[in-house]
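Hi everyone, thanks for having me. Let me put the structure up, and then I'll walk you through it.

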Amino acid sequence: MMDLKPFELLDDLEPLGKANAVLLKWDGSRYVKSQNKIELHDICSTHGDRGDRGYCFLSSMSNLWETVSGLYQQAPARIY
């Protein structure tokens, strides 16, 4: 089972790219930044700007922190 963790981007994240992020923790009334910085990898063709928040997990297959949700989905390519 995946253990989802909330994060906040410290850098912009490009689709299928990677960016620095910080894991968030619950302080009893809201999510705040923890001291746990991670390198976040996008495998879903999403993107985000510095400060955006979402959910991620540490993949047991790749051993990388991967995005799950909370970021912007890329618009599908149009075929003309």
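Lys33 has a relative accessible area of 45%, so we call Lys33 partly exposed. Quick note on those words: buried means under 20% relative accessible area, exposed means over 50%, and partly exposed is in between, with a 1.4 Å probe and protein chains only. Before I go on, this is a predicted model, where local features need pLDDT of at least 70 and side-chain atom pairs count only at pLDDT 80 or more, while totals for chains, interfaces and linings use all residues. Residues are numbered from 1 along each chain as its sequence is written, and side-chain values use heavy atoms, with hydrogens and water left out.

So which residue does Lys33 form a salt bridge with? The partner is Glu8, and the closest N and O atoms are 3.4 Å apart. By salt bridge I mean a side-chain nitrogen of Lys or Arg within 4 Å of a carboxyl oxygen of Asp or Glu. Glu8 sits in strand β1 (residues 5-9) and Lys33 in strand β3 (residues 31-41), so this pair links distant parts of the chain, 25 residues apart. The strands here are DSSP runs of E with at least two residues, numbered from the N terminus.

Is Glu8 buried or exposed? Glu8 comes out at 11% relative accessibility, so it counts as buried. Glu8 also meets Arg53 in a salt bridge, at 2.9 Å from N to O. Arg53 lies in strand β5 (residues 53-58) and Glu8 in β1, so this pair ties together parts that are 45 residues apart in sequence. Arg53 itself is partly exposed, with a relative accessible area of 40%.

Now look at the backbone around that pair. β1 and β5 pair in the antiparallel sense over 4 bridges, and pairing here means DSSP finds at least two bridges between two strands. Arg53 is the bridge partner of Glu8 in β5.

On to another salt bridge. Glu39 forms one with Lys18, and their closest N and O atoms are 4.0 Å apart. Glu39 is in β3 and Lys18 in strand β2 (residues 18-26), which puts the two 21 residues apart. Lys18 counts as exposed at 52% relative accessibility, whereas Glu39 counts as partly exposed at 38%.

Next, the inside. The largest nonpolar core has 11 residues in all, including Phe7, Leu23, Ile38, Cys56 and Trp65. A nonpolar core is a set of buried Ala, Val, Leu, Ile, Met, Phe, Trp, Tyr and Cys residues joined through side-chain atoms within 4.5 Å. Which strand gives the most to this core? That's β2, with 3 residues. As background, in soluble globular proteins nonpolar side chains tend to be buried together.

Click on Trp65 for a moment. Cys56 stands opposite Thr67 in β6, and β5 and β6 run antiparallel, joined by 4 bridges.

Asn63 counts as exposed, at 58% relative accessibility. Leu16 also has a positive phi, about 60 degrees, although it is not a glycine. You'll find Leu16 in the loop between β1 and β2, and at 58% relative accessibility Leu16 counts as exposed.

Met2, Leu4, Trp26, Tyr31, Tyr55 and Val68 make a nonpolar surface patch of about 570 Å². A patch like that takes residues with over 30% relative accessible area and no salt bridge, with nonpolar side chains (Val, Leu, Ile, Met, Phe, Trp, Tyr) joined within 5 Å, or like charges within 9 Å. The areas come from the Shrake-Rupley method with a 1.4 Å probe, and for residues only the protein chains shown count as cover. Tyr31, one of the patch residues, is in strand β3 and counts as partly exposed at 35% relative accessibility.
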